[in-house]
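Look at the model below and follow the chain with the text beside it.

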Amino acid sequence: MILVTTDFITGKNLETLSIVKGSTIQSKHLGKDIAQGFKTMFGGELKAYNEMMNEARAIATKRMVEEAEALGADGVINIRYASSAVMQGAAEVIVYGTAVKFV
């Protein structure tokens, strides 16, 4: 499966299949949430949240790819990511793109 942020795949003629997406909502446990809250007082990278967001993007991407594979796609073009806070310490990540087949 080829995943790109462009609207083409060099050297390939594409047939558009459908929009595909994947999403997840992730949170950290209360202990990590409190520890990260203290870290904001002093500044610096919030590593626990960074890890959480990386994991969320990976899960969302996997779900999008599974949806594309179910359509028989060879790739997904125009991939975009978005995130939003659902509540304190929890975030939703969504990824979407256009599933394509090589012709």
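Strands and helices here are DSSP runs numbered from the N terminus, a strand being E with at least two residues and a helix being H or I with at least four. Two strands pair if DSSP finds at least two bridges between them. This is a predicted model, in which local features need pLDDT of at least 70 and side-chain atom pairs count only at pLDDT 80 or more, while totals for chains, interfaces and linings use all residues. Residues are numbered from 1 along each chain as its sequence is written, and side-chain values use heavy atoms, with hydrogens and water left out.

Strand 2 (residues 14–27) and strand 4 (residues 90–102) run antiparallel and are joined by 13 bridges. One of the pairs is Ile25 with Glu92 of strand 4. Strand 4 also runs antiparallel to strand 3 (residues 75–87), through 10 bridges. There, Arg80 has Tyr96 as its bridge partner, and Ile77 has Thr98.

Now take Thr98, which lies in strand 4. Is Thr98 buried or exposed? Buried means under 20% relative accessible area, exposed over 50%, and partly exposed in between, with a 1.4 Å probe and protein chains only. Thr98 counts as buried because its relative accessibility is 18%. Leaving aside residues up to four places away in sequence, Thr98 touches several residues, among them Thr16, Ser18, Ile19 and Ile77.

Terms used: Contact means heavy atoms within 4.5 Å.
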